[in-house]
Amino acid sequence: MYQPMLYLHWKQVRFGLIPFILAAFALPLLTVQGLGVPAGMDAASLDAYRVVSQSHQWLMFYPLLAATIGIVLALSAWNWDHQLKHVYALSLPLTRMEFAMLKMGAGAALAVLPIFALWIGAHVATLSITLPEGLHAYPNELAFRFGLAVLVAYALLFAMAAGTVKTTVYVVSAVVVLLVVGGNSNELLANFFPIFESVTFVEWAVQLLATAPGPFEVFSGSWTLIDV
Amino acid sequence: MSRLGKRLLMSLPLLLLAALSANAVAAQESESAQQASAVELELVQRLDSLMPLYNEARRISETAAARRAEALKQAALTDVDTIKVGPLNIVALPEQAELARELFSEVWQEYENFAVSPSLQSHHISFQWVTQQFSPIYLEGDQARVELRRWRSSAFVKRAMRRVIGSIIESDISDLRLGEEWVNAALYPPTDLSGTYRELASMPSKVSRACLAGDAGGCLSALGLDEGPQDLESWYTPDERVELARRVAYRYGRYPNRPEIAPCTIQGDVEFCDDLLRNLNPSSSIEHLAPLGADARLAMIWLAVDAGGEGAFERLLANPEATPAEALQIASGMTSDQLARLWRTEVLEHRPAVYAGALPMSGLALLWIALFAALAMRSTRWRLG
């Protein structure tokens with residue numbers, strides 16, 4: 001049953017996934033683009049500084065790409081089911097849990113493609129430049145973090161897409177209301193919780209989600225391919 | 001005509017002239033008086049117009065003075081305990097005295113080498129770590145405050161304590177040639193030199209690279225501790241000086257495309273760049289343009305005092321006119337080379353683990369993936385079995 005599920009998901013998402021695979025391969029190469037020795041300049045003197053400062057300009061694209069790939073895979077996993085009112089799923093001799101698990105596994109397997117592409121791209125990028133003394137490349141660590149970020153985004157959106165539209169609307173509305181109301185009622189909250197005298201609710205919520213033990217901790221932190 | 005008549009006749013023009021002059025003078029005086037009174041009137045009007053402002057300012061000043069007096073009165077009513085931790089004079093609420101002693105003692109262990117600091121001995125530090133409003137605590141003379149809300153962690157409180165103690169010690173160093181010419185910033189224990197490592201490895205400077213490769217002289221130069229005369233040529237190659245000028249000028253608001261600095265930033269004229277660097281901030285010494293910044297230098301001071309053992313900081317303070325390099329040698333009892341090697345070893349040990357925390361992060365991520373998967377499998381949409 002897993003293979004047909006995998007094939008169905010691949011059939012659904014292949015044309016959308018290929019650009020992301022290419023993007024994942026190209027991003028490390030773009031990161032090191034232009035790093036090297038301009039003619040007439042003393043090579044070693046400016047390399048290290050330029051490598052570190054210029055490669056950092058591309059850092060924000062890695063988590064963005066990871067999140068986008070996860071979202072695309074998750075939404076495409078349930079797309080046909082939503083369109084066909086889950087008739088196909090109901091006709092299968094599987095429990096809901098088994099069905100969802102197989103579907104999730106299929107999507108996770110497809111996520112390996114862009115992750116592998118990034119890993120290859122990172123190694124190619126590293127080999128294409130000579131690193132000055134004191135700098136090191138981290139292609140494996142970067143690919144590992146990328147993979148985890150893709151899977152976290154995929155799992156979150158998969159869970160939301162697995163539910164009803166009503167559930168999704170509730171969740172999204174709750175988030176929006178919390179942010180809007182929380183943002184405007186900081187003073188009131190401060191009367192009951194002294195922490196809000198110094199920190200805004202939105203700031204606190206974002207920090208809670210984006211740092212350990214929040215779910216988005218994997219998106220923050222170091223995404224650098226080349227560093228000391 | 002009689003003689004008298006003739007005299008009268010001759011003096012008539014004079015009399016007439018005198019009368020006319022007197023008249024003119026009187027007229028002028030009258031005019032001046034009128035002008036003066038007009039000016040006086042204007043001034044009086046202006047003063048009158050300022051009176052409401054003056055009265056308002058006086059009212060505000062009196063209110064502020066009354067509040068100050070009230071605060072002092074309240075502060076006098078605040079019951080406080082003064083405790084000693086090393087040379088630190090800490091003023092705390094009675095119920096927080098033991099807590100203050102405990103926390104300051106832990107932090108003070110890191111600063112024991114600086115016990116002879118005259119500034120630490122003269123300062124009073126108020127301490128409050130409370131849930132509600134801070135109680136007014138009146139301190140005389142040199143003072144500092146560590147006053148935080150209770151929901152702050154103890155680690156945060158200790159960081160605040162380090163900040164205060166480091167700032168107080170800074171005032172001692174600022175009186176030395178070491179502080180005037182070389183570095184003047186709050187002194188912290190160098191527990192995290194990863195930033196210094198990063199600076200050393202990526203700074204475009206020939207002496208930084210030499211230091212990283214193991215040359216102690218390179219480390220001294222990178223820190224601005226050369227024995228001989230120092231200048232930009234000793235630290236940077238021509239290309240590096242052009243790059244440095246671009247970055248430093250930008251920091252002073254002189255953007256690279258401005259015409260007055262274009263010969264350096266755009267045309268790459270090294271001599272122009274050198275002049276630009278020397279003149280951007282004439283009040284600071286050339287040592288401030290050495291490759292490594294304040295954090296690296298403070299770490300050197302700390303290591304020197306630590307290596308010098310007992311009396312090290314005292315020796316440092318006892319030689320205010322010593323050059324930075326001499327001062328550090330005197331404090332540590334080591335040669336510059338030995339100090340440089342010690343510093344380099346310490347910095348290399350703090351090479352940042354760029355992907356530190358990857359394992360815990362991955363465990364947490366997998367947990368969240370499992371949670372989301374469980375939520376997906378428990379959807380209320382429909383269930384089979």
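**View 1. Chain B, contacts and overall make-up.** In chain B of this predicted model, 64% of the contacts between residues at least 6 apart in sequence join residues at least 24 apart; contact here means heavy atoms within 4.5 Å. The chain holds 17 helices and four strands. Helices (H or I, at least four residues) and strands (E, at least two) are DSSP runs, numbered from the N terminus. Of its 385 residues, 39% count as buried, with buried meaning under 20% relative accessible area, exposed over 50% and partly exposed in between (1.4 Å probe, protein chains only). Chain B has an accessible surface of about 21000 Å², and 55% of that belongs to carbon and sulfur atoms. Accessible areas come from the Shrake-Rupley method with a 1.4 Å probe, and for residues only the protein chains shown count as cover.

**View 2. Helix α4 of chain B.** This one covers residues 154-173, so to speak 20 residues in a row, and reaches 29 Å from its first C-alpha to its last, close to the 28 Å expected at 1.5 Å a residue. The expected span is 1.5 Å times one less than the number of residues. Buried residues in α4(B) include V157(B), A160(B), M161(B), V164(B), I165(B), I168(B) and I169(B). R162(B) and D172(B) are on the buried list too. An α-helix has 3.6 residues a turn, so residues three or four places apart point the same way.

**View 3. S221(B) and its neighbours.** Look for S221(B) in helix α8 (residues 216-222) of chain B. At 9% relative accessibility, S221(B) counts as buried. Leaving out residues up to four places away in sequence, S221(B) touches V207(B), D226(B), W235(B), A290(B) and P291(B). S208(B) sits 13 residues from S221(B) in sequence and 8.1 Å from it in space, C-alpha to C-alpha.

**View 4. Chain A at a glance.** Chain A has nine helices and two strands, running α-α-α-α-α-β-α-α-α-α-β from the N terminus on. Buried residues make up 42% of its 228 residues. Contacts between residues 24 or more positions apart account for 78% of those with a separation of 6 or more.

**View 5. Helices α1 and α3 of chain A.** The axes of α1(A) (residues 2-31) and α3(A) (residues 61-83) come within 9 Å and cross at roughly 175°. The two helices are therefore roughly antiparallel, the word used for angles over 145 degrees. Axes are lines fitted to C-alpha atoms, for helices over the stretch in contact, with angles from 0 to 180 degrees between N-to-C directions. On the α1(A) side, the meeting residues include L8(A), V13(A), L17(A), F20(A) and L27(A); on the α3(A) side, they include F61(A), L65(A), I69(A), V72(A) and W80(A). The contact residues divide into 16 nonpolar, six polar and no charged. Ala, Val, Leu, Ile, Met, Phe, Trp, Tyr, Cys and Pro count as nonpolar, Asp, Glu, Lys and Arg as charged, and the others, Gly among them, as polar.

**View 6. A108(A) in helix α5.** A108(A) is in α5(A), residues 96-128, and is partly exposed at 27% relative accessible area. Beyond its neighbours within four places in sequence, A108(A) is in contact with L151(A) and Y154(A). A108(A) and Y154(A) are 46 residues apart in sequence, yet 7.8 Å apart in space, C-alpha to C-alpha.

**Notes.** Residues are numbered from 1 along each chain as its sequence is written, and chains are lettered from A and ligands numbered from 1 in the order written. Local features in this predicted model need pLDDT of at least 70, side-chain atom pairs count only at pLDDT 80 or more, and totals for chains, interfaces and linings use all residues, while side-chain values use heavy atoms, with hydrogens and water left out.

Note on methods
Parallel < 35°, antiparallel > 145°, perpendicular 65-115°, else oblique.
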